[in-house]
Amino acid sequence: MRVAVVTTHPIQYQVPWLRLLSAREDVDLQVHFAMIPDAVEQGREFGVAFAWDVPLLDGYSYRVLENRARHPSLTEFAGCDTPEIGQVLREGRYDAVIVNGWGTKMALQTLWACRRSGIPCIVRGEANGLRPRAAWKRSLHALLLKQYSAFLTIGHNNRDYYLKLGVPASRLFDTPYCVDNRRFSDAADAWRREQGVLALRDRFGLGRDKATFVFSGKFVEKKRPQDIVLAARRLIEQGFDGFQVLLVGDGPMAGELRELAAELPVRFAGFLNQSEITAAYAASDCLLLPSESGETWGLVVNEAMACGLPAIVSDLVGSARNLIEPGKTGDVFACGDVETLAASIRRYAAEPGRFAEMGVLARKQVHSDYNFDRVVEGVLAALSFVERKSS
């Protein structure tokens, strides 16, 4: 089959399955991007300009379309505007098109082009139903979803959302959200083996003998990093100091967080690229992710688990239903409930031996069930489905 993938830009979590799909003899794959972002655009929400330090453009065929947006951007709906996509898809004589979501102008241009040309359009989106939406918005969304030929689901909440909006189960194909588990696991193990956990904690200004909790992500409102700092303050006020926190990242809340964390056992690592983040995971015992419903999945949970860490996450993190089995691979608390978050930190910090046990289970889970082979398996099933429907 001739297959086109349309997405805004090269995404580090997406590229590995594009390579696997491209390597197959039964698929002729062409990827279409709206832009290759420069360091400033790539780091806009991170608060620091950067380029990913892992290769993102090799192993598959791609094309960069003309982006006619007045202000090209990855964070604005109109920031990726590629009206030529219709002509490109027609001339490419594609049997199917896979589009990444529907939240950009480019994504909707792709859907309309497919509808006009009679090309099956398969979507992989992140909507999960955890974010409150007005009834009229859900109705419009249901109408939009009727336009797609098949859906690549990323997890339980995502699948349930489609079902509730009337998408037939026969059109849903599991492609679990995942990261390059082997790369993360091997890198974290190498840090532990070659430098040791204690030396890594020294590197980040951490104490050597305290339970270490890590947050990794943008310092933005939807991720609620302030809840971690507030929980740390509660614990110190209660006289418990057997823990420490490493905040990895940057963003608009950085200054506020540093003020809030003054005199607390909280350290800031700044932004760490892909080759460095595993050092932070290797130095830590458990991931914290207190995000609200805007965290449609939370791939840092996959990253941490691949590195052998359990995770404590809020109930509005999209991956909670898939990845967290309370007491085994981590724990779940009500979003915004700082008291419960503090209690979870205290409970697990008081039993440091549990981190390793839970981390083993977490690593095993993501390696076996959340990997790129399963993504490709789901993509191939979706392609087979639309091929049968078209014949």
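Contact here means heavy atoms within 4.5 Å. This is a predicted model, where local features need pLDDT of at least 70, side-chain atom pairs count only at pLDDT 80 or more, and totals for chains, interfaces and linings use all residues. Residues are numbered from 1 along each chain as its sequence is written, and side-chain values use heavy atoms, with hydrogens and water left out. Helices (H or I, at least four residues) and strands (E, at least two) are DSSP runs, numbered from the N terminus.

**Helix 7 on its own**
- Helix 7 has 14 residues and reaches 20 Å from first C-alpha to last, close to the 20 Å expected at 1.5 Å a residue (that is 1.5 Å times one less than the number of residues).
- Its buried residues (under 20% relative accessible area, 1.4 Å probe, protein chains only) are Asn181, Phe184, Ser185, Ala188, Ala190 and Trp191.
- Those buried residues pack against helix 8, helix 11, helix 12 and helix 15.

**Helix 7 meets helix 11**
- On the helix 7 side, Arg183, Phe184, Ala187, Ala188, Trp191 and Arg192 meet residues of helix 11 that include Ile277, Thr278 and Tyr281.
- Sorted by class, that contact has eight nonpolar, three polar and two charged residues (Ala, Val, Leu, Ile, Met, Phe, Trp, Tyr, Cys and Pro count as nonpolar, Asp, Glu, Lys and Arg as charged, the others, Gly among them, as polar).

**Helix 9**
- Helix 9 runs over residues 225-237, and glycine 239 just after it takes a positive phi of about 85 degrees.
- Among its buried residues are Ile228, Val229 and Leu235.
- Their cover includes strand 8, strand 9 and helix 14.

Technical notes
Buried < 20%, exposed > 50% of the residue type's maximum accessible area, 1.4 Å probe, protein only.
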